[in-house]
Amino acid sequence: MEETGDWLRLSLVPGLGPAGFWLLFNRFGSPKAALAATSDQWRQVTGLRAAQVQALGQADALSTAAERELQRLAQSGDRIVLYCQDEYPDLLRHITHPPPLLYVRGSLDLLKIPSVAVVGSRAATSYGRRTAYRLAKELAARGVVVLSGLAQGIDAQAHAGCLDINGDTIAVLGCGLDVVYPRINAPLYRRIAAAGLLISEYPSATKPDAFRFPARNRIIAGLSRGVVVVEAARRSGSLITVQHALEAGREVFAVPGQIDSAKSAGCHWLLQQGAQVVTGVEDILDGLGLSSVIDPVGPGQPAHSTPPDPAAAELLDLVEPYPLSREELLERSGLSPARFAELLVLLELDGCIEVLPGDRLCRITGAGREPA
């Protein structure tokens, strides 16, 4: 417990951060020795700022903050995993400025299973959300842990895809474990806490300030074998995750989208730069060398069968993966408006088509017979 207190106190020094922590650790050999040093010794550490030296001198305040945090952990059942402990994930040890400690809630056993990060746009399209959900679901069915950041859009769909087949997922937060952000994902947060793993490098009550999310992204990349970008603009936080992944020697994958979609511009740029293309889960498993070592543990993507009504199947053959208007499809079909509406309802209920804003329709990938 004394060792945990020393690591915690040093990590809580205001303005120090992981970079400053490791400067002190490397200079003095341990958090305990770093905290026991004098102001003159701290000032001799190259790279340490005056404000950080001043904060290090507030021993009583640091002890109070550490004790408060330990009490909260005891009450909540959350844990701290120190860099020096066996439970600390080995992959994360080797990134630039790894977190000195992790606050965790849930199953630590998930850190021992191969994992893949699935990330992308918060303002995702229906195509992006559907693809993230499907890929995560299939990865989970193959025994892979899916990592993401619990943001809206792609992240949320990736977590949900795992949980919906009782698969394993890890959410890395850009705030304290006791802060639910965004609030709209509160139900998802609770599901992950109960059946997966929540991770943060921040103490309790830490707010989700914008600057924390790029730092959070290095942990997502560091914990994973590879990063899959489902949908991302050319300037996107997901590309920051990719940069961290490349620096850590991880594989990068990208899902192609429509060539005129700004939401996929970042993915297309990644593909131009040499990222591995993803057309299905096997592309990810093959790219990571996991196809032969991970066995299926549950159902993968539900197979969309051809609709039992021959007329519905014929209508589905006219629907493309890209949106077209209801009026255009009606004209192509040659059906009466009443029969057309009846068949559309059947196709939607069977999960074969999706109705989009503006009264447009598109085929859900994998549904029925692919058009020739």
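Visitor: What makes Arg339 and Asp309 a salt bridge?

Guide: In this predicted model, the closest N and O atoms of Arg339 and Asp309 are 3.4 Å apart, and because a salt bridge asks for a side-chain nitrogen of Lys or Arg within 4 Å of a carboxyl oxygen of Asp or Glu, the pair qualifies as a salt bridge. Arg339 belongs to helix H17 (residues 337-349), while Asp309 sits in the loop between helix H14 (281-287) and helix H15 (310-317), so the pair ties together parts that are 30 residues apart in sequence.

Visitor: Why do Arg339 and Asp309 count as partly exposed?

Guide: Buried is kept for values under 20% and exposed for values over 50%; Arg339 has a relative accessibility of 27% and therefore counts as partly exposed, and Asp309, at 23%, counts as partly exposed too.

Visitor: How do you know whether Arg134 and Glu138, which form a salt bridge, are buried or exposed?

Guide: The closest N and O atoms of Arg134 and Glu138 are 3.8 Å apart, and both residues lie in helix H8, four residues apart, or about one turn of the helix. The relative accessible area of Arg134 is 18% and that of Glu138 is 9%; because buried means under 20%, Arg134 is called buried, and Glu138 is called buried as well.

Visitor: How many salt bridges does a search of the whole structure find, and which residues are linked in a network?

Guide: The search of the whole structure gives 19 salt bridges, and a network of salt bridges links Glu69, Arg72, Asp78 and Arg105.

Visitor: Why are strand S1 and strand S9 said to stand at the edges of their sheet?

Guide: The nine strands of this open sheet follow the order S1-S2-S6-S5-S4-S3-S7-S8-S9, with mixed pairing. Strand S1 (79-82) and strand S9 (276-277) each have a single partner strand, so one side of each is left without a neighbour in the sheet.

Visitor: What makes the pairing in this sheet mixed?

Guide: Strands S5 (residues 169-172) and S6 (residues 197-200) pair in the parallel sense over three bridges, with Val172 having Ile199 of S6 as its bridge partner. S1 and S2, by contrast, pair in the antiparallel sense over four bridges, and there Leu82 stands opposite Leu101 of S2. S2 and S6 are also joined in the antiparallel sense over four bridges, with Arg105 having Leu198 of S6 as its bridge partner.

Visitor: Why is strand S2 called mostly covered?

Guide: Strand S2 (residues 101-106) has six residues, and five of them are buried.

Visitor: What makes the packing of helix H1 and helix H2 oblique?

Guide: Helix H1 (residues 2-11) and helix H2 (residues 17-28) pack at an angle of about 130 degrees, with their axes 10 Å apart. Roughly perpendicular covers 65 to 115 degrees and roughly antiparallel starts over 145, and H1 and H2 are therefore oblique to each other. Their contact is made by Trp7, Leu10 and Ser11 of H1 and by Phe21, Trp22, Leu24 and Phe25 of H2, and by class it has six nonpolar residues, one polar residue and no charged residues.

Visitor: Which residues of helix H13 are buried, and what covers them?

Guide: In helix H13 (residues 265-272), the buried residues are Gly266, Cys267, His268 and Leu270, and their cover includes S7, helix H12 (237-247) and strand S8 (251-254). Just after H13, Gly274 takes a positive phi of about 110 degrees.

Visitor: What makes S10 and S11 the edge strands of the open sheet of three strands?

Guide: That sheet has the order S10-S12-S11, with antiparallel pairing, and strand S10 (324-325) and strand S11 (353-356) each pair on one side only. Four bridges join S11 to strand S12 (residues 360-363), where the bridge partner of Val355 is Leu361.

Conventions: Residues numbered from 1 in each chain as written. Predicted model: local features only at pLDDT ≥ 70, side-chain atom pairs only at ≥ 80, totals over all residues. Heavy atoms only, no water. Pairing = 2+ DSSP bridges. Helix = DSSP H or I, 4+ residues; strand = E, 2+ residues; numbered from the N terminus. Axes fitted to C-alpha atoms, helices over the stretch in contact; angles between N-to-C directions. Parallel < 35°, antiparallel > 145°, perpendicular 65-115°, else oblique. Contact = heavy atoms within 4.5 Å. Nonpolar A, V, L, I, M, F, W, Y, C, P; charged D, E, K, R; others polar. Buried < 20%, exposed > 50% of the residue type's maximum accessible area, 1.4 Å probe, protein only.
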